[in-house]
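Trainee: I am new to this structure. Could you take me through it step by step?
Mentor: Gladly. Look at it first, then ask.

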Amino acid sequence: MILLVLILLIGFSAAAYWAGRRLARRRAAGTRAHSSLGYHGAYVLLWAAIPALVVLILMAVFSTGIQYQLLLADAPEAIRALDPMRQGAFWYDVLTVADGGTPQQIWAGPQAELLQSEAQRAARIGGLMTLGGAVAAVLAGLIGLGLALRRVAPQFRARNRVEGWIAAFLFVCSAIAILTTLGIIASLLFESLRFFQSVSPLEFLFGTQWSPQIAIRADQVGQTGGFGAAPLFVGTFLIMMIAMLVAGPIGLFSAIYLSEYAGPRQRAIIKPVLEILAGVPTVVYGFFAALTVGPALRGFFNGVGAQLAGGPLDSLGQYLMLVQNQMALVAGGVMGIMLIPFVSSLSDDIINAVPQSLRDGSYAMGATKSETVKRVLLPAALPGIAGAFLLAVSRAIGETMIVTMAAGLAARMTLNPLDTVTTVTVQIVTLLTGDQEFNSPKTLAAFGLGLTLFIVTLGLNIIAQQIVQRYREQYD
Amino acid sequence: MTMNPDLVAPSREPRQGDVSALDTDRNPGHAEAPVPTVVHPGLTGPIKIKAEDVSVFYGQKQALFDVSLDIADKAVTAFIGPSGCGKSTFLRCINRMNDTIPSARVVGKITIDGQDITDRSIDPVLLRARVGMVFQKPNPFPKSIFENVAYGPKIHGLTANKTELADRVEHSLKRAGLWKEVADRLESPGTGLSGGQQQRLVIARAIAVEPEVILMDEPCSALDPIATARIEELIDELREEYCIVIVTHSMAQAARVSQRTAFFHLGQLIEVGPTEDIFQNPRERRTLDYITGRFG
Ligand SMILES: Nc1ncnc2c1ncn2[C@@H]1O[C@H](COP(=O)(O)OP(=O)(O)OP(=O)(O)O)[C@@H](O)[C@H]1O
Ligand SMILES: [Mg+2]
């Protein structure tokens, strides 16, 4: 059906294009037209296709709603008498049957008959609307075509019009991303507001009890007792710190190697490899963490613990023997490895932006490479590198897959890297996966967490961009 | 810092008929134009730097052709010549800065005080402490004024303690004629100074390690006439203590500050002599054409 409509539309547009061209050629015969024939064709095409397309889109968006309203308006008494939930289910099944599907619920007696008759009515209404829509689309297209053809004339500025349409189209494309982001923010804000009506923001930000899973039903005790997200923030912070301790130095040093020490040949190998690493899906890092690094580290610590137990460091040994697969160290460490290419490629750009004249100045003073790096390049690049690190921090905070797979679910206020911790992103995932009632504070808490995360990462990104930007200007 | 063996190998590398831009419009071979191999008429005082048959290649392209030149101590030698003729390239041979350009290869021999600086055993890091360099664009480090001047003494460990270092910084700044202007703001960033002040700052930075030679590559081309005049005065003062080589595009500047002038053209040293002779009665036609503004 949709395919057919599309083919028809394309055929119609092509016809409009040729009509425009031919007409333009005929009318311009002998004179020099303002715009080339192609532009006249394109102009006519736009005027024919866009109205038809608009009508079709409107149909697609609103037809089900209108159909539903029409059905309800003439609803049989027997159905109106049902309770609202049941009514909704009934109409849902009516539409399903009308589309040739099988009903979701079991309807008996008069309801079953009504279901059939109402489904026929729905199909009739639907058919009529499709027909009407098609007629409207054709009419709109023809009217547009007619109007446009009338304007085709040698002096008509078809080129400018078409260029204008193209500019408008491109603008809409770029606006979509921005508008979508605004929509996301709005929905985050809106749902978070609902959440903060039942849980106070202060409690949310500073409370230390996180147990949203308890409050599944309204009649349970402690319904709002478990929404202190501080342990999540601490866990997120801990993992981010571990990740940065890995990614910061290694990324920075590899950037220094690449920009100052590596010859063209090494660069030609290492840079693309790092870029490939940056493209590895995070879920791959996630199972690397959960299945390889976690068990290995656990084995290591358990072994060390077994050695220590019974000795002077007995309690430490006992603790190490109980270390689990899922610990902050594993998630943070692997996340750090994931961030190395990110940090290194940003830092590489920034170090390369330091003017060559500073290097020359330093070498001409008899400084060695490492002295030049340490005393001139790094101080000069420091603001930019700080910006790069902030960007990495913001990625570490928002990273989800690795922590979901390797960090654990226990919300603990701890800075011990060997402990199981949980993060904001992990909790959002657990709160929203599975069947959820959309209104419970438990689900809404995810929006609260999401908003917090969003604000923090947005802030970090803005600050980092500003720093990097200002740094670039400094050397332009 | 490892050295590229090519850079110090004896001149086993003849010009292998490179097809370079330079080759196409330069005189075919040395036979036609009588280019003297070693020219030092009017050289008074001891010779500091002696270059013998120095050629430089950038990759396959030869930029400098068998330059032989003596440079006097306690004097200013000016290098003039049209753009791209190899003045900077030759200057960078003297402190081995060409080592930092991966594609560059230097053949020939350069001695300072009789010591072959192209030799494998010479550490370019130590050499550059003896041969300071000032660049076309002032390039103070993004550090304080004090730290800029203290940079060399610190990395070469020239001073024993803080007071010595401070003394040396003060002395260098005074020597560069900048002390009065910055004495009360040594801790503010060097990049905050004016262009002329920055250039004097990097001269102070260069003389803080007490070099024997100072190379200047168009040190005034980014400066206004007043700042230029100050730098020229400074060069004239420094001449008493150092061997100074200056590249310049300004004939007037060469005439004002230098005692000897060398004229380069298309990678060759055409003529060198006392500055007055070069400007008043050059022996080479090309020199005359250049200084009278007929080309370049
Ligand atoms: N790093 C480099 N790589 C390749 N070729 C170079 C390099 N530096 C200089 N050259 C080439 O060597 C030749 C001499 O250049 P050089 O910079 O020595 O000229 P110059 O006399 O200093 O010119 P200017 O007066 O414009 O500074 C030029 O043809 C130039 O293109
Ligand atoms: Mg130059």
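Trainee: At what angle do the axes of helix α2 (residues 37-73) and helix α6 (residues 158-198) of chain A cross?
Mentor: This is a predicted model, where local features need pLDDT of at least 70, side-chain atom pairs count only at pLDDT 80 or more, and totals for chains, interfaces and linings use all residues. Residues are numbered from 1 along each chain as its sequence is written, chains are lettered from A and ligands numbered from 1 in the order in which they are written, and side-chain values use heavy atoms, without hydrogens and water. Helices (H or I, at least four residues) and strands (E, at least two) are DSSP runs numbered from the N terminus, and axes are lines fitted to C-alpha atoms, for helices over the stretch in contact, with angles from 0 to 180 degrees between N-to-C directions. The axes of α2(A) and α6(A) come within 8 Å and cross at roughly 50°.

Trainee: Is α2(A) roughly parallel or oblique to α6(A)?
Mentor: Angles under 35 degrees count as roughly parallel, over 145 as roughly antiparallel, 65 to 115 as roughly perpendicular and the rest as oblique. The angle here is roughly 50°. That makes α2(A) oblique to α6(A).

Trainee: Which residues of α6(A) make the contact with α2(A)?
Mentor: Contact means heavy atoms within 4.5 Å. From α2(A) come A:Y39, A:H40, A:A42, A:Y43, A:L46 and A:I50. From α6(A) come A:A158, A:R159, A:R161, A:V162, A:E163 and A:W165.

Trainee: How does the contact of α2(A) with α6(A) divide by class?
Mentor: Ala, Val, Leu, Ile, Met, Phe, Trp, Tyr, Cys and Pro count as nonpolar, Asp, Glu, Lys and Arg as charged, and the others, Gly among them, as polar. The contact of α2(A) with α6(A) has eight nonpolar, one polar and three charged residues.

Trainee: Are α10(A) and α11(A) roughly parallel or roughly antiparallel to each other?
Mentor: Helix α11 of chain A spans residues 314-321. Its axis and that of α10(A) are 7 Å apart, at an angle of about 150°. The two helices are therefore roughly antiparallel.

Trainee: Which residues of α11(A) make the contact with α10(A)?
Mentor: On the α10(A) side are A:F301, A:N302, A:V304, A:G305, A:A306 and A:L308. On the α11(A) side are A:D314, A:L316, A:G317, A:L320 and A:M321.

Trainee: Is A:G408 buried or exposed?
Mentor: A:G408 lies in the loop between α15 and α16 of chain A. Beyond four places in sequence, A:G408 touches A:Q326, A:V403, A:T420, A:V421, A:T422 and A:V426. Buried means under 20% relative accessible area, exposed over 50%, partly exposed in between (1.4 Å probe, protein chains only). At 3%, A:G408 is buried.

Trainee: How many of the residues of chain B count as buried?
Mentor: Chain B has twelve helices and ten strands. Of its 296 residues, the buried part is 56%.

Trainee: How far apart in space are B:P142 and B:P189?
Mentor: B:P142 lies in the loop between β6 (131-134) and α5 (145-155) of chain B. B:P142 is partly exposed, with a relative accessible area of 26%. B:P142 and B:P189 are 47 residues apart in sequence. C-alpha to C-alpha, they are 6.6 Å apart.

Trainee: What is the phi of B:D66?
Mentor: Most residues other than glycine have a negative phi. B:D66 is in strand β2 (residues 61-72) of chain B. B:D66 is not a glycine, yet its phi is positive, at about 45°.

Trainee: Where does B:L266 lie?
Mentor: B:L266 also has a positive phi, of about 50°, although it is not a glycine. B:L266 lies in the loop between β9 (260-265) and β10 (268-274) of chain B.
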